[in-house]
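Me: I am new to this structure and would like to go through it by question and answer. Please show it to me before we start.

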Amino acid sequence: MATPLIAVRDLTKIYPTARGEQVQALSRVNLDIRPGEFVSLVGPSGCGKTTVLRILAGLIRDYAGSVSLRGQAMRGPSKDVGVVFQDANLMPWRSAEANVMLPVEVLGLDRKAMRPRAKELLAMVGLEGFERKLPNELSGGMRQRVAIARALIHDPALLLMDEPFGALDAMTRDTMNVELGRIAARSNKTVFLITHSIAEAVFLSDRVLVMSSRPGRIVEDIRIELPRPRDLDIIASPIFSSTVVRIRRLLDGEDATALPSIAH
Amino acid sequence: MTDAALRIAIPEPRPRGAPLWLRRRPELVLTPLVFLVLVALWQAVAWSGVVSAFVLPAPSAIAASLVAGLRSGLFLQHGLVTLAEAAAGFAIAVAAGLVVGTLIAEIRLLERTVYPCLVAIQTMPKIALAPLLVVWFGFGPGSKIAVAAIISFFPMLVTTIAGLRDTDRGRLDVLLALGAAPLRCLVSAKLPGALPHVFSGLSIAAVFALTGAIVGEFVGASAGLGYLIVQANARLNIPQVFALLLVLGGIGVLAYGTIQALRRRLLFWAPKEERSSP
Ligand SMILES: Nc1ncnc2c1ncn2[C@@H]1O[C@H](COP(=O)(O)OP(=O)(O)O)[C@@H](O)[C@H]1O
Ligand SMILES: [Mg+2]
């Protein structure tokens, strides 16, 4: 088996609060993500999902445990990672295309050579003809698609996404899920997706990691044995619904009684 | 009755009377109207002789003085002096305010050490420094530029710091996740994001700079609109004092309008209310 792209061992994170207390956000989190895999992380709100993503993105550096990217200990942000946040976080003074080009400028890549790629990526996320538009002229879904194109421009091996479609309506969200599945499969990206939608996680992923709260740790690693990319028809399949129900139960049990651990 | 019948029965209300632009922006006509009524009242009071012409000259006398001053080139010559002093002071204040504000917002140690001192100075009425500055910088334009720069520096400083503190965390995260250096974060996210605040500072600073130049001229000068006002006052030429105030008002409106136009151009991306507010 290939070496993992990301390997997390005994990751523990404690936040100091303003009042001098401590919040343990993560406790001994272990996870591996192999190249080309699509892995989702689901869990109740506040269980530490965003914390995991921010550590993988290199935005949080004070933690215990180890995180390695391609076998190398991770120190801060990497060029080989693209991040899509919960909000699109576009620069409102930049056009859609200029927003997609931002990583090119920051990483000091060749602007001229990359401009056609920015256009291609915008076309890939369905925004052909919107290159010149400002963020405030785009809908929420369109803005999030610009953010996805921006995360892909420097061709990172790993795409990190933190509830990227959380703010979208259900129909737009379904469309975006199908598109994301296609983009991930076509560009052969490794994707780590955080979501609070179980259906979204099952629909898109090779594996769904289920996280418990207070402190956050991973309690289940569920493989979805369906070929990718998938279309919305699989929602009707028995595997889909039984997996969704299984994860639902895990999370409900977690919410109700905060079990110390869940046996496999 | 059916819907269709109702729709036929009730005709569409047709726009009547005033044209659309007038109904939408009645102030375009009403504001000048209010102004004219006030001036007319003023003129009536002046003609009635209730108030001495020394205290309150008639609008007609002020207008005559204004026209004479503009015709002779006197107002233009001195107006340019004041404008140049104010503009120089303003430019210094803007540059210094942006630089010092950025340093204070970016460097924690400066925020802790330098900023409290600046806040202490800010609470002092800086206009009181004018006589001292005339002693230090002389009767020429230097002292006026200094007064203008000092009092307009603070609004620039405060708004720059406020704007940089208001930085959107999410936009910053995008840059940090790419490994961006602090300078890159400043240029690509923080400073553009601070512009709405900075423009509020610019509007205030422009008015302050003009005030500073005039006060500097009051204290001691041989040219400028402030100098002319003091001269006219001393000669009890009250209509000319009023005429000069009008010229000053005109310069103020011009400066404010220029900044607003620039604001609309540079903040094309901002929400509407941030594009035009003071
Ligand atoms: N910067 C912070 N300072 C203090 N506590 C934090 C901070 N960020 C997150 N936390 C706490 O850590 C826990 C996990 O947060 P987070 O990772 O955002 O959860 P999730 O994304 O699963 O909703 C929460 O209890 C939250 O209150
Ligand atoms: Mg979160």
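Reply: A polar contact is a pair of N or O atoms within 3.5 Å; within protein, one atom must be able to donate a hydrogen and the other to accept it. The model shown is predicted.

Me: With which side chain does the side chain of A:Glu105 make a polar contact?
Reply: A:Glu105 is placed in helix H2 of chain A, residues 96–106. Leaving out residues up to four places away in sequence, A:Glu105 touches A:Arg94, A:Arg111 and B:Arg184. The polar contact between side chains, at 2.7 Å, is with A:Arg94.

Me: Is A:Glu105 buried or exposed?
Reply: Buried means under 20% relative accessible area. The relative accessibility of A:Glu105 is 17%, so A:Glu105 counts as buried.

Me: Which helix gives the most residues to the shell around ligand 1?
Reply: The shell includes A:Tyr15, A:Ala25, A:Pro44 and a run from A:Ser45 to A:Thr51. By type, the shell residues divide into four nonpolar, five polar and one charged. The element that gives the most, with three residues, is helix H1 (residues 49–56) of chain A.

Me: How far from an oxygen atom of ligand 1 does a polar side-chain atom of A:Thr51 lie?
Reply: Backbone atoms also come up to the ligand: a polar backbone atom of A:Cys47 is 3.2 Å from an oxygen atom of ligand 1, and a backbone N or O atom of A:Gly48 lies 3.0 Å from one. For the polar side-chain atom of A:Thr51, the distance to an oxygen atom of ligand 1 is 2.5 Å.

Me: How much of the accessible area of ligand 1 does the protein cover?
Reply: On its own, ligand 1 has 560 Å² of accessible area.

Me: Why is H1(A) described as largely enclosed by the rest of the structure?
Reply: The buried residues of H1(A) are A:Lys49, A:Thr51, A:Val52, A:Leu53, A:Ile55 and A:Leu56. H1(A) is largely enclosed because the number of its eight residues that are buried is six.

Me: Which residue just after H1(A) takes a positive phi?
Reply: The phi in question is about 85°. The residue just after H1(A) with this value is A:Gly58.

Me: Which residues have the most contacts inside the largest nonpolar core?
Reply: In soluble globular proteins, nonpolar side chains tend to be buried together. Here the largest nonpolar core has 59 residues. The residues with the most contacts inside this core are A:Leu160 and A:Phe192.

Me: Which helix gives the most to this core?
Reply: The contribution is nine residues, and the helix lies in chain B. It spans residues 182–219 and is helix H10.

Me: How many residues are in the other core, which lies apart from the largest one?
Reply: Among the members of this other core are A:Leu127, A:Ala149, A:Val219 and A:Val244. Its number of residues is 52.

Me: How far apart in space are B:Ala243 and B:Ile62, C-alpha to C-alpha?
Reply: B:Ala243 is placed in helix H12 of chain B, and at 0% relative accessibility it counts as buried. Neighbours within four places aside, B:Ala243 is in contact with B:Ile62, B:Ser65, B:Leu66 and B:Phe75. B:Ala243 and B:Ile62 are 181 residues apart in sequence, and their C-alpha atoms are separated by 5.6 Å.

Me: Is A:Asn177 buried or exposed?
Reply: A:Asn177 lies in helix H5 (residues 170–187) of chain A. Beyond its neighbours within four places in sequence, A:Asn177 is in contact with A:Phe165, A:Glu200, A:Phe203 and A:Leu204. Its relative accessibility is 5%, so A:Asn177 counts as buried.

Me: What kind of peptide bond joins A:Arg228 and A:Pro229?
Reply: Most peptide bonds are trans. A:Pro229 lies in the loop between strand E10 (217–223) and helix H7 (238–257) of chain A. Omega for the bond between A:Arg228 and A:Pro229 is about -10°, and the bond is cis.

Me: What is the phi of A:Asp155?
Reply: Most residues other than glycine have a negative phi. A:Asp155 is found in the loop between helix H4 (140–152) and strand E7 (158–162) of chain A, and at 47% relative accessibility it counts as partly exposed. A:Asp155 is not a glycine, yet its phi is positive, at about 50°.

Methods. Residues are numbered from 1 along each chain as its sequence is written. Chains are lettered from A and ligands numbered from 1 in the order in which they are written. This is a predicted model: local features need pLDDT of at least 70, side-chain atom pairs count only at pLDDT 80 or more; totals for chains, interfaces and linings use all residues. Side-chain values use heavy atoms; hydrogens and water are left out. A residue is near a molecule or strand if one of its heavy atoms lies within 4 Å of it. Accessible areas come from the Shrake-Rupley method with a 1.4 Å probe; for residues, only the protein chains shown count as cover. Helices (H or I, at least four residues) and strands (E, at least two) are DSSP runs, numbered from the N terminus. Ala, Val, Leu, Ile, Met, Phe, Trp, Tyr, Cys and Pro count as nonpolar, Asp, Glu, Lys and Arg as charged, and the others, Gly among them, as polar. A nonpolar core is a set of buried Ala, Val, Leu, Ile, Met, Phe, Trp, Tyr and Cys residues joined through side-chain atoms within 4.5 Å. Buried means under 20% relative accessible area, exposed over 50%, partly exposed in between (1.4 Å probe, protein chains only). Contact means heavy atoms within 4.5 Å.
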